[in-house]
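Here is a short briefing to read beside the sequence and the 3D view. Take the topics one at a time and find each residue as you go.

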Amino acid sequence: MAGRKSERWATRMGVMLAVAGSAIGLGAFLRFPTQAAQHGGGAFLIPYFVALLLLGLPLMWMEWALGRMGGVWGHHTLPGIFDAVTRARWGKYLGVLGLFIPFIIVVYYLYVESWTLGYAFLAATGEFANQNTATVNGLHTQYLGVRDGSALSWSLAGVIFLLLTLAINFWVICRGAAAGIEKFSRIAMPLLFLLAIILMVRVLTLPRAVATPFEGLDFLWTPDISALTNPTVWLAAVGQVFFTLSIGLGAIITYASYLRKDDDVALSGLTSASLNTMAGVIMGATIAIPAAVVFFGAAATMRYAEGGSFSLGFFALPLVFNEMASGALVGALWFLLLFFAGLTASVSLLRPILAFFQDELGWTRGKAASVLGALVAAYLVPLVLLTGKGVLDDMDFWAVQIFLPVGALIEIIIFAWLLGMKHGWEAITAGARLRVPVVVKYVLQYVAPLLLLALLGSWLFVPDDPKTGALSAAAKMMMLDGVAEANKPYLIFCRVLMGVTLLALLLLLRRAWRRKLDQPAMAPHIAAAEAAVDAPGHIMEEITPALFDAGRPDRA
Ligand code: TRP
């Protein structure tokens, strides 16, 4: 515990890069285009931008502020912060979402991340050159060793790259906050953007195959107003905004908790949100979707997108590289950079859980990392063996479209209502190098929670299609409506597994707090956090300076 308090970001640039690195990843480059295509292209963008402005940005600022505040109280994860703010026994249990959601996401995220590494290898060995529109889909299933029916799926290459990905991830987190992550982001991010621009130009100048690149752009940018009443499309857009900005589960909170109390959070939040939106909307969508439409046509693009939440890029891009000079090299570099982007993101998903193990259970970093690594690896076994049976996409659906909005809603209620928007607003604006518009205050207090409630409510209760029946989208989802009969047992298995995980984490939380109460050394710490929450007036100033300054290194 005490040892962790001295951990601070070495430079302000470092934390910004790390947060941007957490945000910019497979979400923008792979998940965004696939989601947009799945929901009909033009139907997706309006909800996406509305969600970005009314939920994404305000919540991003809120998480920065809450995290910085939590760090000042000595907490780096949601259970601790919620416990401190609510001062109720149930507070910490709500914080379980800050462990549960990142765990579920990181498991399948690491798997997809390993595909990018594998594809870098396939590109480098010239494998893409043999592909055309008819075979490129098969390349994916072959790489993953997908088998239909009840046969288990796996391939040697798929497993090797997955193990490599796991090893690299845990190596990075074992090296500490500042050193490990910063170095990676600094080189990989600008390179990735540069290459994305090159790819964008190449895609937009592709010769006509099934369609032209401009028909691809049309598919995405022509708004479809009729879809705006569909709660599933809205939740998909909200989930994607949260996923891409890394909000809703406390990952930013953990990073921000290593800030100093007078460090800027407003400008940093805005910078990383804009960089990431640019990456997703302009690059992710201007590369993957138009390319897919050119090679496969709009209808097949939507079909491919439905087959896997992250897969559109894996089908479309190898064909783009075949149209380029030195395609093998460029393709390898692209997937390698995408791997680095994914790495900085997956590391940020692992970190809250790791911080929880260290802070609240008192484990050493080595022990925390080993236990987490073992758990992740154990979960990956069924996930890999069931590839192609829709398990990954079901996990992704629940985690991103349902749990992230629920997590965000709980965070807002605790921040804007329990802590109170008066304190909350001070926390957001303290040290800010950018004037956050006052309207954000009201958005956070009223608009955002009501919007989330309305969306989740209509997903749960409003009939999905009044003409054909009274079932809501949620009910259909829960009853596995539309899922192939053969895949149902696997999805049920994975949902039960998720339920058991949630339960186990709740028990772990209870144990962690029992342990803390037993430890007299914790008492002053808890008292300080409680005093900080009770402090009237300017919350950031009232916090015991001694607690904050303990172990504070000199500014670089
Ligand atoms: N934002 C990352 C991406 O787009 C994924 C991610 C990292 C994430 N940390 C997160 C998503 C925290 C939700 C919450 O690839």
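**An enclosed helix**

The buried residues of helix α16 are L312, G313, F314, F315, A316, L317, P318, L319, V320 and F321. The model is predicted, so local features are reported only where pLDDT is at least 70.

**Helix α16**
- Helix α16 covers residues 312–322.
- Ten of its eleven residues are buried, so α16 is largely enclosed by the rest of the structure.
- Buried here means under 20% relative accessible area.

**Helices α3 and α15**
- Helix α3 spans residues 26–38, and helix α15 spans residues 298–306.
- The two helices pack at an angle of about 120°.
- Their axes lie 8 Å apart.
- The crossing of α3 and α15 is left-handed.
- On the α3 side, T34, A37 and Q38 make the contact.
- On the α15 side, T301, M302, A305 and E306 take part.
- An α-helix has 3.6 residues a turn, so residues three or four places apart point the same way.

**A nonpolar patch on the surface**
- Which residues form the nonpolar patch on the surface? They are W90, I413, W417, L418, V438, Y442, Y446, V447, L450 and L453.
- Together they have about 1000 Å² of accessible area.
- Helix α19 (391–429) supplies at least two residues of the patch, and so does helix α20 (439–461).
- The largest share, five residues, comes from α20.
- L450 is one of the patch residues, and it is found in helix α20.
- Is L450 buried or exposed? L450 has a relative accessible area of 55%. Exposed means over 50%, so L450 is exposed.

**Two loop residues with positive phi**
- S246 has a phi near 60°, a positive value in a residue other than glycine.
- S246 sits in the loop between α12 (231–245) and α13 (251–256).
- The relative accessibility of S246 is 10%, so S246 counts as buried.
- L480 also is not a glycine, and its phi is positive, at about 60°.
- Where is L480 found? L480 is in the loop between α21 (473–478) and α22 (488–518).
- L480 counts as buried because its relative accessibility is 6%.

Notes
Residues numbered from 1 in each chain as written. Predicted model: local features only at pLDDT ≥ 70, side-chain atom pairs only at ≥ 80, totals over all residues. Heavy atoms only, no water. Patch = residues over 30% accessible without salt bridge, like charges linked within 9 Å, V, L, I, M, F, W, Y side chains within 5 Å. Areas by Shrake-Rupley, 256 points an atom, 1.4 Å probe, with all protein chains shown as cover. Salt bridge = Lys/Arg side-chain N within 4 Å of Asp/Glu carboxyl O. Helix = DSSP H or I, 4+ residues; strand = E, 2+ residues; numbered from the N terminus. Buried < 20%, exposed > 50% of the residue type's maximum accessible area, 1.4 Å probe, protein only. Axes fitted to C-alpha atoms, helices over the stretch in contact; angles between N-to-C directions. Left-handed = near helix turned anticlockwise from the far one by under 90°. Contact = heavy atoms within 4.5 Å.
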